[in-house]
Amino acid sequence: MNFTLKVWRQDGAEKPGHFEKYPADNIPEDASFLEMLDIVNEDLIAKDKIPIEFDHDCREGICGMCSLTVNGIPHGPGRGTTCQLYMRKFHENQEITVEPFRVEPFPVVRDLAVDRGAFDRIIQAGGFISERSGSAPDANAVPVPKPVADQAMDAAACIGCGACAAACPNSSAMLFVSAKVVHLGSLPQGKPEKNRRVLNMVRQMDEEGFGNCSNYYACEAVCPASVPAAFIARMNREYSMATIRETVGEPV
């Protein structure tokens, strides 16, 4: 299969960027989108040109590193990560536009690679439990009702790829944050820090410059892990209750 790529090239967050067109010829239809970029880069290197920079790691739909916007859709058409997007999804001779995630708190490192350290800092603000390593009881020793366990597992499915923020017109990260809040706040091990966690994580999210949720549901539509937007409503309730407790002087 043959395609024309319209790729965003940018040499760092402080430099201006621009689109450049490249031919992608003789691409197997079963090649993934990242494998197609590998082929294009091999051709660029053979011509002594600078290859296209993009993030990747597992290439198994687990890590979420492949944060590309393909034809205006984070991760491209279909539900899944970019490494799970195959070239048979496109038409022969189609022009494909490839950009980095357009989120202000995700500055461009180079070309299609962005710095998602903002998500790491949100996790550091509260996305953990303070059990001592080696002294915590075995998880199976703590009874958890199946509906609660299922909800926690649905939230834990979030891989932190950032597609939710990239799809949102407000660049909101609330689906990501709510997934972490609901995951830990649902389980007995996470309940002691429940109020402090939601306060710290939401405030760190705001400090990083992410926008608020306006219920567009674009985040849910592109999430490769199918994390439901209903978690945002639960996080908002928990944040409101924690704020009230803090205001009246109750320990959080």
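# Close-up views of a predicted model

**View 1. Helices α5 and α8 have axes that come within 8 Å and cross at roughly 70°.** Keep in mind for every view here that this is a predicted model. Angles from 65 to 115 degrees count as roughly perpendicular, so α5 and α8 are roughly perpendicular to each other. The crossing of α5 past α8 is left-handed. Look along α5 for Met174, Leu175, Val177, Ser178, Ala179, Val181, Val182, Gly185 and Ser186, which meet Phe231, Ile232, Arg234, Met235, Asn236 and Glu238 of α8. Sorted by class, this contact has 9 nonpolar, 4 polar and 2 charged residues.

**View 2. Here is the largest nonpolar core, with its 37 residues.** Which residues touch the most other members of this core? They are Phe106, Ile122, Val177, Met205 and Phe210. Two or more residues come from each of α2 (117-126), α4 (163-167), α5 (174-186), α6 (194-208), α7 (218-222) and α8 (230-247). The biggest giver is α5, with 7 residues. In soluble globular proteins, nonpolar side chains tend to be buried together.

**View 3. Val177 is shown here with its contacts from elsewhere in the chain.** Val177 is one of the residues touching the most other members of the largest core. What does Val177 contact once you skip the neighbours within four places in sequence? You'll find Ile122, Met201, Val202, Met205 and Met235. Met235 is also among the α8 residues that meet α5. There is a second, separate core too: it has 26 residues, including Phe3, Ile27, Met36 and Leu112.

**View 4. Helices α2 and α6 cross at roughly 155°, with axes that come within 8 Å.** An angle over 145 degrees counts as roughly antiparallel, so α2 is roughly antiparallel to α6. The crossing of α2 past α6 is right-handed. On the α2 side, the contact is made by Ala118, Arg121, Ile122, Ile123, Ala125 and Gly126. On the α6 side, look for Arg197, Asn200, Met201, Gln204, Met205 and Glu208. By class, that gives 6 nonpolar, 3 polar and 3 charged residues in this contact.

**View 5. Asn195 sits in helix α6.** Is Asn195 buried or exposed? The cut-off for buried is under 20% relative accessible area, so Asn195, at 19%, counts as buried. Leaving out residues up to four places away in sequence, Asn195 touches Ala242, Arg245 and Val252.

**View 6. Arg79 lies in the loop between β4 (73-74) and β5 (95-100).** Its relative accessible area is 46%, so Arg79 is partly exposed.

View 7. Taken along the principal axes, the C-alpha atoms fill a box of roughly 65 × 40 × 35 Å. Of the 252 residues in the chain, 43% are buried.

Methods. Residues numbered from 1 in each chain as written. Predicted model: local features only at pLDDT ≥ 70, side-chain atom pairs only at ≥ 80, totals over all residues. Heavy atoms only, no water. Core = buried A, V, L, I, M, F, W, Y, C linked by side-chain atoms within 4.5 Å. Buried < 20%, exposed > 50% of the residue type's maximum accessible area, 1.4 Å probe, protein only. Helix = DSSP H or I, 4+ residues; strand = E, 2+ residues; numbered from the N terminus. Contact = heavy atoms within 4.5 Å. Axes fitted to C-alpha atoms, helices over the stretch in contact; angles between N-to-C directions. Parallel < 35°, antiparallel > 145°, perpendicular 65-115°, else oblique. Left-handed = near helix turned anticlockwise from the far one by under 90°. Nonpolar A, V, L, I, M, F, W, Y, C, P; charged D, E, K, R; others polar.
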